[in-house]
Amino acid sequence: MSSNVRLTAWVRGDVQGVGFRWWTRARALEIGVLGYASNLDDGRVQVVAEGPREYCERLLELLRTAPDTPGQVVGVADLWGEPRGGYDGFAIR
């Protein structure tokens, strides 16, 4: 397994008020990453995930391409970094 990483993704589109954060949490828990999903004031959802790189890559792929996401994803920007820790699950903020 690869080393742990931190993924920060900003999801644009119709993603607030449609269950997108809950859907993201369910996928993150299935994959096995820690972190959170939160609504931003500009209408985007920010997703922070930490875990093995391949797990985080899988979550990012789902954010971008899964056909069953609530709402409608228009685009996803991502930033990779070192894990910071401090998560004991995947939270909705």
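Started with Leu-34. Leaving aside neighbours within four places in sequence, I find Leu-34 in contact with Val-48, Ala-49, Glu-50, Tyr-87, Asp-88, Gly-89 and Phe-90. Contact here means heavy atoms within 4.5 Å.

Ground rules before I go on. This is a predicted model, where local features need pLDDT of at least 70 and side-chain atom pairs count only at pLDDT 80 or more, while totals for chains, interfaces and linings use all residues. Residues are numbered from 1 along each chain as its sequence is written, and side-chain values use heavy atoms, with hydrogens and water left out.

**Leu-34, continued**

I placed Leu-34 in strand 2. Helices (H or I, at least four residues) and strands (E, at least two) are DSSP runs, numbered from the N terminus. Buried or exposed, or in between? Leu-34 counts as partly exposed because its relative accessibility is 34%. The cut-offs are under 20% relative accessible area for buried and over 50% for exposed, with partly exposed in between (1.4 Å probe, protein chains only). I also checked Cys-56, which is 22 residues from Leu-34 along the chain; their C-alpha atoms are separated by 9.5 Å.

**Overall layout**

I counted 2 helices and 5 strands in the protein. Along the sequence they follow β-α-β-β-α-β-β. The C-alpha trace spans about 35 × 25 × 20 Å along its principal axes. For 93 residues, a compact globule would have a radius of gyration near 12 Å, and the protein agrees at 12 Å. That radius is taken over C-alpha atoms, and the globule rule is 2.2 Å times the number of residues to the power 0.38.

Buried residues make up 42% of the 93. Among contacts between residues at least 6 apart in sequence, 78% join residues at least 24 apart.

**Strand 3 and its partners**

Next I looked at strand 3 (residues 45–52), where 8 of its 8 residues are buried. Which strands pair with strand 3? One is strand 1 (residues 4–14), which runs antiparallel to strand 3 and is joined to it by 8 bridges. Another is strand 2 (residues 34–39), also antiparallel, over 6 bridges. Two strands pair if DSSP finds at least two bridges between them.

Strands 2 and 3 form a hairpin with 5 residues between them, and Gly-43 in the turn has a positive phi of about 100 degrees.

I then followed strand 2 to strand 5, where the pairing is parallel, over 3 bridges. There Ala-37 stands opposite Ile-92 in strand 5.

**Around Tyr-36**

Tyr-36 stands opposite Val-48 in strand 3. Tyr-36 counts as buried, at 9% relative accessibility.

How many aromatic pairs are there? I find 2 in the structure. Rings of Phe, Tyr and Trp (its six-membered ring) pair if their centres lie within 6.5 Å; planes under 30 degrees apart count as stacked, over 60 as edge-to-face and the rest as tilted. Why is the pair Tyr-36 and Tyr-87 tilted? The ring centres are 6.1 Å apart and the planes are at 50 degrees, so the pair falls under tilted. This pair links distant parts of the chain, 51 residues apart: Tyr-36 is in strand 2, and Tyr-87 is in the loop between strand 4 (72–81) and strand 5 (90–92). Tyr-87 is buried too, with a relative accessible area of 19%.

The charged end of Arg-93 sits over the ring of Tyr-36, 3.8 Å from its centre. I noted another such case: Arg-53 lies over the face of Trp-80, at 4.1 Å from the ring centre. The test is NZ of Lys or CZ of Arg within 6 Å of the ring centre and within 35 degrees of the ring normal.

Where is Ala-66? I found it in the loop between helix 2 (53–65) and strand 4. Ala-66 is buried, with a relative accessible area of 13%. Leaving aside neighbours within four places in sequence, Ala-66 is in contact with Trp-23 and Glu-61. From Ser-2, Ala-66 is 64 residues away in sequence and 24 Å away in space, C-alpha to C-alpha.
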